Amino acid sequence: MVPGACLAKPLYDDERMKKDSRLNVNAAEGLLHDDGADRPAATPEAKPKTLLLIGEVAAWRHFMPQLRAANYQLHTLPHGQQALGVILEHSPDVILIDAELPNAAGLPLVQTLREEATSAALPILMLAANADHQFRIESLRCGADDILVQPFSAQELLDGLRSVQALAAIRQQAVERVNCILENLSDGLITLNRQWRYTYVNAEAEGLLGRRRAELLGKLVWEEAPHLAQSEMEPALRRAVSEQLVSDFESYDSTLQRWYENKIYPLPDGGVSVFFRDISERKSAEHANTLLAAIVESSADAIISKDLHGTIMSWNRGAQNLFGYTEAEAVGSAITLIIPPEQYEEERQIFKRLRRGEHLAHYETLRLTKDGRKVDVSLTLSPIRAGQGQIVGASSVARNITERKRIEATLQKQSERQRLMWEAASILLTTVEPDKMMREIFYKLAPHFELDTYFNFMVNEAGDALRLESCVGIAEEIAQSIQRLEFGQAVCGTVALCRTPIVATFIQDSDDQMTQLVKSFGIRAYTCSPLIADGKLLGTLSFASRTRDQFDDDEVEFLRTISHYVTVAYERLGLVRELKENDRRKDEFLATLAHELRNPLAPIRNGLQIMRLAPDNREAVEQAHSMMERQLQQMVRLIDDLLDLSRISQGKIELRKERVNLAEVAQIAIEISRPLFQRYGHQLTLELPDQAIPVEADVTRLAQVFANLLNNAAKYTEKDGQIYFRARQQGDEIVISIKDNGIGIPVFMLTKVFEMFTQAHPLPERTKDGLGIGLSIARRLVEMHGGNITAHSAGYGTGSEFVIRLPALGSAKPSSLVPEEQAQAPTAAARRRILVADDNVDSADSMAILLGIMGNEVRTANDGLAAVKETMGFRPDVILLDIGMPEMNGYDACRRIRELPEGKEVVIIALTGWGQDEDRRQSQEAGFTHHLVKPVDLGALEKLLDKLGDEAV
């Protein structure tokens with residue numbers, strides 16, 4: 001075996017496992033030496049021999065006296081996973097391995113230990129319960145020195161130990177003799193195992209490699225000599241290992257800068273041995289003779305030599321490939337063969353420098369090929385010296401850098417385009433005026449693309465043509481003549497019609513009818529792109545040149561990208577305008593809301609003053625009372641409109657549809673609007689067919705739509721105006737028209753009047769107690785009924801008409817729409833105990849007074865806890881409970897009351913300003929019986945109390 005057999009992978013991974021192995025050994029020692037009386041005294045003059053047992057421990061207790069007597073000290077391991085760590089730490093003299101280990105068979109462990117440098121030479125005694133002929137062969141093949149078959153006696157064990165130690169001593173002597181031979185070889189020798197680690201380095205190899213063997217043994221060859229991985233040494237080594245092939249070759253070590261003759265032999269254990277000797281001096285001599293020829297013939301560069309007269313003396317294959325001349329054609333010719341005439345003076349200056357002995361590196365210039373093309377080359381020129389040092393000529397190495405120049409130019413252009421793109425994006429993101437934005441973009445692009453004109457057309461408001469938004473490069477009178485461009489007219493109109501970009505080239509030579517308009521402007525090249533956002537055509541953008549006949553493909557692509565950015569910018573500008581418009585409308589709405597809410601407050605306050613100053617003036621008090629009631633209803637209506645709008649927007653309104661006669665719904669709406677008609681003296685004309693018009697609708701909501709439209713007609717028609725309510729059935733539709741002879745609606749507002757917070761007449765004198773949300777509510781309610789609503793007007797002073805179209809039904813069944821509160825006469829209220837809980841003291845006290853006047857026994861509380869306490873003592877029949885109260889809110893107070901014996905059957909009514917669907921759901925979950933929204937109508941409350949009384953009966 002070659003010294004340093006193959007080094008296997010260590011059986012431990014880190015220091016922790018080493019520590020674990022020491023713990024295992026110590027534990028085993030404790031098990032075998034736990035009886036101190038059995039331990040004989042150590043012999044001071046004889047060092048104990050160390051045994052490492054890998055396998056079962058308990059069965060060895062009865063061997064301990066004989067082993068101690070024979071001066072053996074035993075260490076144990078239950079399995080082989082930490083074997084190498086223990087071997088490194090304790091350096092055993094003999095290793096005993098059980099053939100049947102807990103985690104793995106013993107034979108692979110023997111083979112692994114033989115492959116490790118630290119354990120390769122150690123004597124190994126195999127322990128086996130059965131050892132047939134085949135097992136013995138396998139054991140010896142794997143590296144065991146002997147086999148001891150269980151059961152065995154202590155004497156057999158001692159004899160086996162002595163036998164394997166003697167065998168190991170003989171083996172060591174043989175190894176030493178081999179090492180002596182190898183150490184005195186004139187060739188360097190290294191061996192590598194299957195894992196490519198150094199296992200042996202002789203003295204000659206140390207000298208040749210300039211490395212001590214201690215630095216290499218156990219190390220990976222590819223880490224210690226990484227340059228070999230890309231050399232011819234690597235495939236030779238791998239063939240020796242994988243194919244068992246012998247190699248004999250020469251190689252150059254770039255790290256040591258030496259030439260070596262190598263002989264590579266495969267080893268029986270799967271490793272490889274390398275014999276090598278230094279042949280650098282011989283190779284240097286050979287290299288000196290062939291270097292020039294090798295360079296000249298193998299180089300891809302053109303290598304040329306010339307004498308001092310400029311005559312070509314040598315011409316390699318690279319020169320032939322680059323310039324097109326064969327060696328026969330070039331040698332003997334003047335060097336001007338490949339130099340453009342305009343470069344002759346440059347060549348003369350180069351020769352002057354070469355005659356002075358100068359060296360020129362990477363000099364970039366132009367050279368001429370056989371077919372007349374000019375190529376960019378990088379030249380390295382050096383003087384050629386004779387034996388005495390005199391300059392006799394010059395050599396030049398020419399490299400074709402045309403492709404590099406092209407790439408550099410492309411990269412530079414791309415960098416420039418990227419910079420232009422960023423600058424254009426900056427303009428598009430920061431400029432809010434379209435004409436200024438387009439002009440700045442154009443002035444950035446024009447110098448780079450030879451542009452002198454652009455046209456930016458946008459779709460007009462009617463959507464039937466293009467209007468000129470911005471342009472540069474044409475006279476003002478020409479610009480005026482193309483302010484409108486029809487779809488399909490000229491290049492831009494065609495692009496708008498087809499929605500695809502168009503590039504027109506060589507326009508001055510073209511008879512294409514589409515390009516004749518721009519041809520008359522003197523334009524020679526033209527590119528136009530549509531501006532499309534979310535499938536909608538916004539306009540077109542064109543760039544043109546009067547100095548060039550066409551654009552490159554990448555230029556067209558870049559200009560189209562700019563057009564796309566412009567589209568995004570126009571979208572941004574539209575959003576900015578929309579946000580500003582929404583903000584303006586919101587501000588107008590808030591101002592109107594404040595105005596409309598303050599308007600009722602003044603007469604209410606005045607009425608209170610009248611009632612305080614003249615309580616005995618019955619007529620004045622009644623008038624004040626009537627006025628305050630009207631103003632309060634106005635405030636309630638405004639708040640209800642806001643809540644309706646919110647609920648409709650969130651989809652929280654559900655229609656309660658029924659089959660109804662449209663005439664009855666119209667009568668309800670007219671009754672709602674009658675006060676406004678009477679106030680302004682308007683005449684209402686109702687035109688309905690004799691036959692009933694059936695419709696499936698939510699009566700309350702559809703009447704609200706009609707009332708909103710009638711109210712608008714009344715408010716925006718001067719006094720003594722004419723208002724018409726017409727309804728008729730047309731096929732499958734019911735058409736309702738509400739028309740007036742009022743102030744009318746501007747045409748541009750007809751599509752906007754249904755938008756939230758929009759008023760067609762936002763002037764203070766035209767506010768007339770409206771918030772600008774009635775039409776938005778009307779449109780959404782009509783749409784929820786499956787219909788649509790449109791506005792019509794010829795402008796100011798021409799009146800307005802709103803047309804509603806609803807799906808029609810068959811013949812209508814008569815239905816009574818008399819409000820329920822009018823259908824039943826109020827009954828005398830029974831006397832009840834009522835608790836009013838509200839943190840607003842005035843609200844609680846005034847409600848208590850009203851309920852007391854109605855004949856009820858009433859108490860008040862001003863927070864949730866007080867309401868709970870009052871319930872326990874007062875035992876009310878009904879509790880009117882506010883939601884937003886301190887200490888404990890209405891929801892929690894209701895839950896607490898329901899937990900009381902006095903509160904299980906009591907009627908609890910939420911009386912609150914919170915009226916959204918979610919508020920009603922929460923109050924129901926908390927245990928409220930009913931939910932009323934402030935300000936509550938006293939009649940409705942009285943009716944509810946009566947109903948509760950009837951239910952109790």
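Which residues of α14 are buried? In this predicted model, they are Glu347, Ile350, Phe351 and Leu354. Viewed down the axis of α14, these buried residues fall within an arc of 100 degrees, so they line one face of the helix. That set of residues packs against four strands: β11 (302–307), β13 (360–368), β14 (374–385) and β15 (391–400). The length of α14 was also checked. The helix covers residues 344–355, twelve in number, and should span 16 Å at 1.5 Å a residue. Its end C-alpha atoms lie 17 Å apart, which agrees. Gly357 follows α14 and has a positive phi, near 90 degrees.

The chain as a whole was examined next. It holds 30 helices and 33 strands. Of its 953 residues, 44% are buried. The accessible surface comes to about 49,500 Å². Carbon and sulfur atoms account for 52% of that surface. Contacts were also sorted by separation in sequence. Among those between residues at least 6 apart, 59% join residues at least 24 apart.

Thr118 sits in the loop between α4 (106–115) and β4 (124–128). Beyond its neighbours within four places in sequence, Thr118 is in contact with Leu84, Ile87 and Leu88. Thr118 counts as partly exposed because its relative accessibility is 41%. Leu84 and Ile87 are among the buried residues of helix α3 (residues 83–90). Just after α3, Ser91 takes a positive phi of about 45 degrees.

Ser529 was considered as a residue within a strand. It lies in β20, which runs over residues 525–533. Is Ser529 buried or exposed? Its relative accessibility is 6%, so Ser529 counts as buried. Leaving out residues up to four places away in sequence, Ser529 touches Val495, Pro501, Gly539, Thr540, Leu541, Arg560 and Ser563.

A search of the whole structure finds 46 salt bridges. One of them joins Arg406 to Glu403, with the closest N and O atoms 2.4 Å apart. Both residues lie in helix α15 (residues 402–430). They are three residues apart, about one turn of the helix. Arg406 is partly exposed, at a relative accessible area of 45%. Glu403 is also partly exposed, at 44%. A second salt bridge links Arg213 and Glu206, at 3.3 Å from N to O. Arg213 has 24% relative accessibility and so counts as partly exposed. Glu206, with 23%, is partly exposed too. The side chains of Arg484 and Glu486 also meet in a salt bridge, at 2.7 Å from N to O. Arg484 is partly exposed at 42%, and Glu486 is partly exposed at 33%. Salt bridges can also join into networks. One network links Glu364, Arg404, Lys405 and Glu408.

The surface also carries a nonpolar patch. Ile849, Leu850, Ile853 and Leu938 form this patch, and together they have about 380 Å² of accessible area. Helix α26 (residues 841–853) gives the most to the patch, with three residues. Leu850 lies in α26. Leu850 counts as partly exposed because its relative accessibility is 35%.

Methods: Residues numbered from 1 in each chain as written. Predicted model: local features only at pLDDT ≥ 70, side-chain atom pairs only at ≥ 80, totals over all residues. Heavy atoms only, no water. Patch = residues over 30% accessible without salt bridge, like charges linked within 9 Å, V, L, I, M, F, W, Y side chains within 5 Å. Areas by Shrake-Rupley, 256 points an atom, 1.4 Å probe, with all protein chains shown as cover. Salt bridge = Lys/Arg side-chain N within 4 Å of Asp/Glu carboxyl O. Helix = DSSP H or I, 4+ residues; strand = E, 2+ residues; numbered from the N terminus. Buried < 20%, exposed > 50% of the residue type's maximum accessible area, 1.4 Å probe, protein only. Expected span 1.5 Å × (residues − 1). Arc of directions from axis to C-beta. Contact = heavy atoms within 4.5 Å.
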